Every structure is written in C-alpha cells, then in structure tokens.
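Here's a quick tour of one protein model, written for someone who likes to know the cut-offs. Have a look at the structure first.

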Amino acid sequence: MKFIADSMLGRLARWLRLLGCDTIYYPHIEDRRLIRIASEEDRVLITRDTRLVKMRGLKHFLLLHENDPFEQLKKVIITFNLNPFELHKGGFETRPYSRCSLCNTPLKSIPKEQAEPHVPEYVYQTSEMFKQCPTCGKFYWKGTHPEKLRKKLMEIL
Ligand SMILES: [Zn+2]
C-alpha cells in the first residue's frame, strides 16, 4: 500500500512514514501533477479536498473529513486495515522505523558507534538500535516518535 498525501496533510504524511508506510508528500504541488504521480506510481491519494477527488484520471483515493492529524491517521489505519506495531490480529503489518519521516527514504541500520557523535548522550547510553537516512542524513533510534504514537494508537485501536 503506497500513498500520496495532498499539500495540506504534512503531519499525517510524516506519521505514516514513521509507521513505515511509503508516503510521498510535497508542500507545493499542482493538482494535475499530484493526480499524475498517484496514477503513475499506483498510489492512493489521501486528501481533504473534495474538488481534487473529482478530477479526471484519479483511481484510488481516500477523502478525509477530519481536521485533527491524529484523527486523520486513525481513519487511514482503519480504512486500509493497517496494523502497525502488531496491535491486533490480522491487517497489514507495517514496519515502524523503516522510513525517513522527512523524505520517505528507506532507513539503513548503522553501528552504534557511528551514531555516537550525532545523538544525545542519554540516547546513546540507553538505545541499541540506530538507523540513518541515506538521503538526508537524519538519525533515528528506538524511542523516537513512533513510541509515543504507539501508545496513542493503542488507546484507540
Ligand atoms: Zn531522509
């Protein structure tokens, strides 16, 4: 399941990436280009724009009515039966910590020592798993945002 989020859904796009979903997002993009990419790359367009979903050439979309990004995330998870963190039986498992939240690139595991100069001291001391984005260079470790997201999701799913 691959997604493309419209330009109003930046926070949702970042969260979906943190959960491991392939999600592209451009803060500024023309409607036609958005539709074209969705079709060419076989992505589901996630949008809040009722006008956009009526455009020609759009095959798969999810129209959101929620304003709150967390409510939007909940809707996407339920609609597509995603199962991040193996919260329940069945559904499509996604792999949290597998994709860069800034640029959607799959993350690479790196040795702990390599992360040392780049992460806070307490993180280095308490974490064993470190990853880095090969495109933008951002570092990730277990305990970053997905953990908070997991707790919140467990309350609702
Ligand atoms: Zn990146």
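This is a predicted model: local features need pLDDT of at least 70, side-chain atom pairs count only at pLDDT 80 or more; totals for chains, interfaces and linings use all residues.

## Helix α3 and its neighbours

The buried residues of α3 pack against α1, β3, β4 and β5 (82-84). Contact here means C-beta atoms, placed from the backbone, within 7 Å, and buried means 20 or more other C-beta atoms within 10 Å of a residue's own, with exposed at 12 or fewer and partly exposed in between. Helices (H or I, at least four residues) and strands (E, at least two) are DSSP runs, numbered from the N terminus.

Which residues of α3 (residues 69-79) are buried? Q72, L73, V76 and I77 are. They sit on the same side of α3 because they cover an arc of only 135 degrees around the axis, the arc being that of the directions from the helix axis to the C-beta atoms. I78 and T79, on the other side of α3, are exposed. After α3 comes N81, with a positive phi near 50 degrees.

## The parallel strands

Strand β1 (residues 2-5) runs parallel to β2 (residues 22-25), with four bridges joining them; A5 has Y25 as its bridge partner in β2. β1 also runs parallel to β3 (residues 44-47), this time with three bridges, and I4 is partnered with L45 there. Strands count as paired if DSSP finds at least two bridges between them.

Residues are numbered from 1 along each chain as its sequence is written. The protein chain averages a pLDDT (the predictor's confidence in each residue, from 0 to 100) of 91, and 96% of the residues score at least 70.

Key. Two residues are in contact if their C-beta atoms, placed from the backbone, lie within 7 Å.
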